Amino acid sequence: MASTPSSTLSPLYESNIFCNFNSPQKFTFPLKLHSKSCIRTTQVSLQEQSQVSNPNNSQYSDRKAVSSSKSKLWVNPKSPRASELKRKSYDFRYASLMKVAESLDSCKPVEEDVFNVLADLGDKIVEQDAVVTLNNMTNAETALLAMKYFQQRLKLSKEVIVYNVTLKVLRKNKDLDRAEKVFDEMLERGVKPDNVTFSTIISCARQCNLPEKAIEWFEKLPSFGCEPDDVTYSVMIDAYGKAGNVDMALSLYDRARTEKWRIDAVTFATLIRIYGAAGNFDGCLNVYEEMKALSVKPNMTVYNSLLDAMGRARRPWQAKNIYGEMLSNGFQPSWGTYASLIRAYGRARYSEDALKIYKEMKEKGLELSVVLYNTLLAMCADVGLTDEAVNIFEEMKSSASETCQPDSWTYSSLITIFSCSGKVSEAEFTLNEMMEAGFEPNIFVLTSLIQCYGKAGRTDDVVRTFDRLSDLGLSADERFTGCLLNVLTQTAKEDLHKLTICLERANPKLGYVVKFLVDDEVEEKGAFKKHATELLDCATTDVQKAYCNCLIDICVNLNQLERACELLDVGLTLNIYTDIMSRTATQWSLHLKSLSLGAALTALHIWVNDLNKALESGEEFPSLLGINTGHGKHKYSEKGLAGVFESHLKELNAPFHEAPDKAGWFLTTKVAATSWLESRRAQEVVAA
DNA sequence: ATAGGGTTAG
């Protein structure tokens with residue numbers, strides 16, 4: 001018997017994912033250091049060699065060595081002690097250059113002041129001082145003056161580097177205009193730009209949201225005698241991606257590949273981001289696989305881009321796998337990792353996973369942002385986690401950071417949670433708190449409040465909240481109107497007229513249809529159905545089903561079963577409801593998931609009628625008949641459709657019984673169904 | 001840390 005390739009390959013593939021990215025030496029090497037002293041000696045002398053051979057590193061160390069010898073302290077230049085001294089003296093110089101950079105950032109942008117600050121560095125400045133100082137600056141104006149200072153005082157052997165770090169400062173300021181001027185100045189002074197110059201300007205253009213400019217700069221690169229290298233390609237791939245030119249980005253990737261550039265992890269991360277932004281999530285995973293096939297080790301950027309993409313894709317399980325892979329490869333999650341995970345889990349309502357990440361961030365002392373807090377709160381609202389939401393909200397408020405304080409999104413989620421769980425006074429309290437914090441109620445908040453008051457049977461407050469919308473200069477959207485309509489399904493008959501007035505104002509067509517029902521108007525044949533069709537046909541798919549469900553519920557409440565059936569029929573015709581009834585050779589089924597209670601009862605009524613017709617016409621029943629209510633216990637209501645249906649079926653004496661092994665299914669046999677339908681018919685005859 | 005890519009999102 002031949003074994004299939006996949007069955008032999010997959011275990012290998014698995015072990016590959018989880019074990020192989022880091023070379024095993026990385027783990028065993030430190031052990032060797034401890035166990036064998038001779039290896040330790042070798043290691044240190046290698047380190048020293050590299051430091052000595054690096055002229056940049058030895059610059060300050062030499063000076064320190066001189067001062068050491070002045071104090072009559074001889075240190076063997078090859079000893080560990082010497083390399084430690086070198087490092088310390090370098091650190092010291094570096095720290096003072098950082099301080100100068102900081103003073104320059106807050107210095108007045110006039111030559112005199114800037115030069116004064118720089119005078120603190122003394123006369124013995126070297127070229128690297130200029131590079132380090134400028135590299136750590138953020139203020140564009142003083143950086144340009146500082147560069148001028150260094151150009152005057154130093155004989156620069158690699159002036160292009162000084163220009164390149166200055167261009168970085170301009171990039172930090174997203175100042176492409178100035179960067180272009182500095183480039184011209186370079187040319188005037190006879191300094192030849194290199195790939196670093198171009199990649200910096202190109203990424204500057206990209207960050208300024210001017211991807212066309214980036215492309216322009218890329219295209220003029222050859223005329224300066226430069227051939228793009230791997231980094232320049234990487235920046236350009238990103239720029240093309242940002243410009244929405246995915247094809248160009250990918251063809252550049254191909255070119256980089258055929259020209260045998262070493263494509264590194266950062267470029268792969270860029271490609272993953274491009275695919276992710278384009279919504280091609282399988283493309284992201286393919287890039288990742290290709291990267292691994294080329295033996296490029298993923299880094300944090302790759303993992304974070306992938307996690308972000310899987311979050312967008314709403315594939316939390318894939319995010320979870322990738323995260324596990326990342327951890328088993330020895331990476332520590334960064335802030336960005338956690339953020340992507342919270343988003344991926346939160347949007348997909350993986351509440352336990354999301355809250356676990358949140359806890360871990362807190363334990364590590366990582367600060368969340370408002371966006372992350374709001375993501376968590378929106379998730380809590382989705383799944384009905386009231387207590388957790390309150391805790392998170394309290395923590396936001398007690399946070400020392402300005403950037404974590406609640407905003408209107410925060411309050412809105414919280415008000416939604418209280419509204420859905422029927423906590424009227426908490427919702428009102430939070431609304432007041434929101435206004436005290438300086439936020440006007442927005443349409444989301446008002447939508448929640450309408451639901452809140454509706455659920456509590458406070459019709460006058462619903463009307464008051466409705467009026468508030470226009471007082472605030474807002475107009476009803478489909479969601480808001482949908483919630484208002486939903487309130488009607490829960491309102492006592494004598495109060496309905498107050499709400500139909502609101503509905504007529506929010507959506508005249510909808511108001512007309514509802515008024516028809518509430519007033520139980522006598523109609524010309526087909527008039528109601530015609531108006532309902534027109535209404536539902538223009539509604540967007542987002543709310544079509546909600547509208548239709550609510551309208552049917554209202555009919556059922558008002559005991560207008562015929563119109564309920566008409567509405568269900570409209571819903572089926574317009575494909576608002578699909579696959580409600582299905583027939584296979586062995587089973588006929590009624591699928592009620594995503595139907596409201598009223599709609600489900602109406603559908604049952606129609607289905608039973610159909611069964612009767614089948615019976616009358618002598619059609620053969622299948623061995624099983626089933627009703628699927630879905631097991632979904634609704635998050636904010638104790639009893640799901642299944643529970644209500646169970647008692648309803650009992651009332652009807654229907655022989656359907658909940659299947660023990662299939663949650664949400666009520667099943668019966670051909671024999672039981674037939675005898676039930678026949679006894680019903682007999683009763684009807686008697687009644688007539 | 002010591003000249004170029006990436007990063008915080010709804």
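In this predicted model, a side-chain N or O atom of S234 sits 2.7 Å from a base nitrogen of DNA strand B, a polar contact (a pair of N or O atoms within 3.5 Å). With N195 it is a polar backbone atom that lies 3.0 Å from a base nitrogen.

Zooming out, 40 residues surround DNA strand B, and the closest are Y90, K168, T267, W335 and W409; a residue is near the strand if one of its heavy atoms lies within 4 Å of it. Helix α11 gives the largest share, six residues; helices are DSSP runs (H or I) of at least four residues, numbered from the N terminus.

As for cysteines, there are zero disulfides (pairs of cysteine sulfur atoms within 2.5 Å). The sulfur of C204 is 4.2 Å from its closest cysteine sulfur, in C208, which is too far for a bond. C204 is buried at 1% relative accessible area, and C208 is buried at 19% (buried is under 20%, with a 1.4 Å probe and protein chains only).

Residues are numbered from 1 along each chain as written, while chains are lettered from A and ligands numbered from 1 in written order. Local features need pLDDT of at least 70, side-chain atom pairs count only at pLDDT 80 or more, and totals for chains, interfaces and linings use all residues, with side-chain values based on heavy atoms, leaving out hydrogens and water.

Terms used
A polar contact is a pair of N or O atoms within 3.5 Å; within protein, one must be able to donate a hydrogen and the other to accept it, and residues adjacent in sequence count only if both atoms are side-chain atoms. Helices (H or I, at least four residues) and strands (E, at least two) are DSSP runs, numbered from the N terminus. Buried means under 20% relative accessible area, exposed over 50%, partly exposed in between (1.4 Å probe, protein chains only).
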